[in-house]
Amino acid sequence: WQSLKYELSVINTPSTIDKTSVVIFVNPNTDGMVVNLPTPSDNARRTIFVKNLSATNTVFLAGVVENGGGSYHLKTKEKIKMICDNVTWFPISRHQM
């Protein structure tokens, strides 16, 4: 029996999501902490799952987001699934606990 194993990273300070992680846990050290999305041109068909672990601090995912937006606001305890088409990151689903 085989199971999927995703690369996982934890981000605690402002930075950029790496090239290999699929699941990214963000534990922001300040409210409104910025985490940069990877460059779309290097990430065609890539899917990522980002989870804000904080109950008090929010996160901004900065990059080329659907509809020309420059960032996506991730509320406390919110998670989001995003996919890239080589030009833009598209939010596919989100859930807040």
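Predicted model: local features only at pLDDT ≥ 70, side-chain atom pairs only at ≥ 80, totals over all residues.

Biologist: Which strand is V10 found in?

Modeller: V10 belongs to strand β1, which covers residues 8-11.

Biologist: And how far apart are V10 and G63 in space?

Modeller: From C-alpha to C-alpha they are 19 Å apart, while in sequence 53 residues separate V10 and G63.

Biologist: Let me jump to the other end: where does M97 lie?

Modeller: M97 lies in the segment that comes after β9, the strand of residues 89-96, and with a relative accessible area of 70% M97 is exposed.

Biologist: Now the whole chain. How many helices and strands are there?

Modeller: The protein chain has zero helices and nine strands, so that, by the DSSP runs used here, the order from the N terminus is β-β-β-β-β-β-β-β-β.

Biologist: Why would you say that the radius of gyration agrees with a compact globule?

Modeller: A compact globule of 97 residues would have a radius of gyration near 13 Å, and the protein chain has 13 Å, so the two agree. Along the principal axes, the C-alpha atoms fill a box of roughly 40 × 35 × 20 Å, and 36% of the 97 residues are buried.

Biologist: Which residues have the most contacts inside the largest nonpolar core?

Modeller: That core has 18 residues, and those with the most contacts inside it are I17, V35, L37, I48, V50, L61 and M82. The elements that give two or more residues to this core are β3 (23-26), β4 (33-36), β5 (47-52), β6 (59-65), β7 (69-74) and β8 (78-84).

Biologist: Take L37, then. What is L37 in contact with beyond its neighbours within four places in sequence?

Modeller: L37 is in contact with T16, I17, I48, L61, A62, G63, V65, M82 and W89.

Biologist: Last topic, charges. How many positive and negative side chains are there?

Modeller: There are 10 positive and 7 negative side chains, and the centres of the two sets lie 7 Å apart.

Key. Residues numbered from 1 in each chain as written. Heavy atoms only, no water. Helix = DSSP H or I, 4+ residues; strand = E, 2+ residues; numbered from the N terminus. Rg over C-alpha atoms; globule rule 2.2 N^0.38 Å. Buried < 20%, exposed > 50% of the residue type's maximum accessible area, 1.4 Å probe, protein only. Lys, Arg positive; Asp, Glu negative; His and termini not counted. Charge placed at Lys NZ, Arg CZ, Asp CG, Glu CD. Core = buried A, V, L, I, M, F, W, Y, C linked by side-chain atoms within 4.5 Å. Contact = heavy atoms within 4.5 Å.
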